Amino acid sequence: MPESPTLRRPFIVAAIMACMAMISIEATIVSTAMPQIAGQLGDLHLYSWVFSAFLLAQTAMTVAFGKLADLYGRRPILLIGIAIFLVGSVLCGLAWSMPSLIAFRLIQGLGAGAIQPVALTLVGDMYSVEERGKVQGYLASVWGVSSVVGPLAGGLIIQHFSWAWIFWINIPIGILAAVGFIAFLNEGITREKRKVDVLGAGLFAVSVAALMVALTEIGSSAATVVAALAVAIAAGVLFLAQERRARDPMMDIGLWLRRSIATANLVTLLSGMTIIGLTTFLPMYVQGVLGQTPLVAGFTLTVMVLGWPIGATVAAKNFKRFGLRPILLFGAALLPIGASIFLFLGPGASPLFAGFGSLIVGFGMGFLTNAAIVIVQSSVGWSERGAATSSNIFARNLGSTLGATALGAVFNLSLASGGGGALPASLDRIQELLERPGAIAADPQTQAALAHSLHLTFWAMFCVAALTFALALLVPKATAAASTVRVPKEEAAVPEALPTPEA
């Protein structure tokens, strides 16, 4: 191991990127393989829960693991997260039915809930604000590469190997990441004997999980939605009561309500709603209304994912020159600009036009998310950075779920009611036509209904993007102290001098 902590930082970042690659590639590689997996396991009606279970567990546990990282250090929580994720991956490959696969995806999600916030927190520990943005750009590029490599790898694995390798491919990556943390990350933290707010963490997880179940099931089962909402509200009330009486609460409400953190997280939440709307409905428009192939539809999203890390990298290089808030505002302004392009799409539009709008949105997200996470991390000290970072990731995940629900409701209601000269259409009929390339063009009535519904959905997405910019104006200007928070390089990887976490 190199003597200088500064020399160890690249190895730690490599381990972080490996961890993030496991999580990011899961979304694309699993979605590519799921049709074949579902064909073998059956229970097609549970298809969406393979994805929802992962996101549910990840979102519910993100805040708890962020708090634990502040209490016990980053390395042990990262190693626990990697272990849980790999156990879930092994079990997913051994799944014998759709319910068992969903259960094992929950385990994977628990591991992801530890890895993502703590890995980003570790970046905040090791690097100054100016350096941190650059590293965040590297991490954003991991998601961009995964979006391209994931579908290709999924297709090759399904074609030449067992679908179990979709999940088992994580094992060598996770082991290498764990070895990297063990070898190069030595925090040297003096630990105190402290009581963990297990009850608070459990109530929070139950409340968030129930809320996400309710949001996921809207439009499917009214009874399930009502029951889940009741559980979410009851658990939420008990959680707030527990946090008021707990000596060392799992969630510091005061931390979440600090203006810089609260506003940055709200902006992040709304930006998550915008992105999920784009990724969900733009491919449908390109295929169903513009009559293009799935490959072309995928291209219109790929440019967004490629624009994201480019925007993050450019933002990082300009933090010192322009400041964090102006960078955030610039990114937030690009969202409604990019979203407005989709308002002018028509049946005869070029897919390049849609791709251009997607690129602008991705570029804006790179600026916005990079600035938001640095603002949040720079607003706190070491002992609160894990909780602050996890709050931002929680906001992004919750925004994705809320966006899928809200924008999906706009789309479904418009489709069912008709309007704009279009007659009501069946979602099942649209799905059936989209599965056969070119088939929807032979049904102009359904195509017109789809075009009208998606146009209204794009308007809703534009309104969310505009609201994102409006809220970004409320983010306070970073103070000189906050914008230049710096972990000395001597302490970056071995922070023996860092303060012991306090209650």
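Mentor: Start with R74 and D70: both are buried, where buried means under 20% relative accessible area, exposed means over 50%, and partly exposed is in between (1.4 Å probe, protein chains only). Keep in mind that this is a predicted model, where local features need pLDDT of at least 70 and side-chain atom pairs count only at pLDDT 80 or more, while totals for chains, interfaces and linings use all residues. Residues are numbered from 1 along each chain as its sequence is written, and side-chain values use heavy atoms, leaving out hydrogens and water.

R74 and D70 form a salt bridge, with their closest N and O atoms 2.9 Å apart. The term stands for a side-chain nitrogen of Lys or Arg within 4 Å of a carboxyl oxygen of Asp or Glu. Side chains of opposite charge can pair when their charged atoms come close. R74 also meets D125 in a salt bridge, at 2.6 Å from N to O. Helices here are DSSP runs of H or I with at least four residues, strands are runs of E with at least two, and both are numbered from the N terminus. How buried are these two? R74 has a relative accessible area of 0%, and D125 is buried too, at 5%.

Now compare another pair: E384 and R258 meet in a salt bridge at 3.1 Å, N to O. This one also links distant parts of the chain, with E384 in helix α15 and R258 in the loop between α10 (253-257) and α11 (259-288), 126 residues apart. E384 counts as partly exposed because its relative accessibility is 23%, and R258 counts as partly exposed at 30%. Shared partners join D70, R74, D125 and R385 into one network of salt bridges. The structure holds 4 salt bridges.

Stay in helix α15 (residues 382-417) for a moment, as N392 lies there too. N392 counts as buried because its relative accessibility is 0%. Its side chain makes a polar contact with the side chain of N265 at 3.0 Å. A polar contact is a pair of N or O atoms within 3.5 Å; within protein, one must be able to donate a hydrogen and the other to accept it, and residues adjacent in sequence count only if both atoms are side-chain atoms. Leaving out residues up to four places away in sequence, N392 touches A264, N265, T268, A372, I373 and V376, where contact means heavy atoms within 4.5 Å.

A nonpolar core is a set of buried Ala, Val, Leu, Ile, Met, Phe, Trp, Tyr and Cys residues joined through side-chain atoms within 4.5 Å. The largest such core has 88 residues, and I16, L101 and F181 have the most contacts inside it. Its largest share, 17 residues, comes from helix α1 (residues 5-41).

To finish, step back: the protein chain has 19 helices and 0 strands, and 55% of its 503 residues count as buried.
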